[in-house]
Amino acid sequence: MDDVESPGELTTWLQRWDTGDDEARQRVFDLVYGELKRCAVGQFRSERRDHTLQPTALVHEVCLRLMAGQAMGWQSRCHFFGVASRLMRQVLVDHGRERGALKRGGERFRVTLPEDLEAGLAVDVEEMVALGQALDRLETLDALQVRIVEARFFGGLSVAETAGYLSISATSVKRYWRRARAWLYSELALKGV
């Protein structure tokens, strides 16, 4: 199968999947697997080579969680990648917790919010768990900022794709992205991460 989608093709397959079409579900994963893998590889750029969770395993876990879920009422390609971004975050944070990253002196890894995105300072954090906890705190203040961080950082979505996923303007995405990064930087710096 050719994995190059025409505009709207993925949305059509997503909607068919929602109706219980198993062929459509498989076609969706054929179409998105490469892009999910690219996003996962991006998450591991600054990791140790021997990290216990690898990009392929991350993508497979996200796919399993997507397939195990209920009908999502898929609206678009951006909606799908937004949900996948949130799942990547959950998998990475869960993995960090399992490794005992904070309290039990488990393995550490560095995460960097991309510098090339219009946001000012790059935020270095030593713990995915600390980032997950900071995002949980931010969510109580502004859930939209968290969705933007998930889409941009965990999912690798562009400003335009994030805007489409969240049904807001690209200008709003940029503004909230800057605010979220500043808040996370401040929060994690206070915690000494």
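Predicted model: local features only at pLDDT ≥ 70, side-chain atom pairs only at ≥ 80, totals over all residues.
Colleague: What makes R147 and E150 a salt bridge?

Modeller: The closest N and O atoms of R147 and E150 are 3.0 Å apart, and because a salt bridge asks for a side-chain nitrogen of Lys or Arg within 4 Å of a carboxyl oxygen of Asp or Glu, the pair R147 and E150 qualifies as one. The two residues are 3 residues apart in helix α6 (residues 143-154), so about one helical turn separates them.

Colleague: How do you know whether R147 is buried or exposed?

Modeller: The relative accessible area of R147 is 15%, and as the cut-off for buried is under 20%, R147 is buried. R147 and E150 also belong to a network of salt bridges that links them with R86, R89, D136 and E139.

Colleague: What makes R137 and E187 a salt bridge, and which helices does the pair tie together?

Modeller: The side chains of R137 and E187 meet at 2.6 Å, N to O, and because the limit is within 4 Å, the contact is a salt bridge. R137 lies in helix α5 (residues 128-141) and E187 in helix α8 (residues 170-190), so the pair ties together parts that are 50 residues apart in sequence.

Colleague: What makes E35 and R38 a salt bridge, and how is R38 classed?

Modeller: The side chains of E35 and R38 meet at 3.5 Å, N to O, and because that distance is judged against a limit of within 4 Å, they form a salt bridge. They are 3 residues apart in helix α2 (residues 22-43), and therefore separated by about one helical turn, while R38, at 44% relative accessible area, is partly exposed.

Colleague: Why are α4 and α7 called roughly perpendicular?

Modeller: The axes of helix α4 (residues 77-98) and helix α7 (residues 159-166) come within 8 Å and cross at roughly 95°, and because angles of 65 to 115 degrees count as roughly perpendicular, that description applies to α4 and α7. In their contact, R77, C78, H79, G82 and V83 of α4 meet E161, G164 and Y165 of α7.

Definitions and conventions:
Residues numbered from 1 in each chain as written. Heavy atoms only, no water. Axes fitted to C-alpha atoms, helices over the stretch in contact; angles between N-to-C directions. Helix = DSSP H or I, 4+ residues; strand = E, 2+ residues; numbered from the N terminus. Parallel < 35°, antiparallel > 145°, perpendicular 65-115°, else oblique. Contact = heavy atoms within 4.5 Å. Buried < 20%, exposed > 50% of the residue type's maximum accessible area, 1.4 Å probe, protein only.
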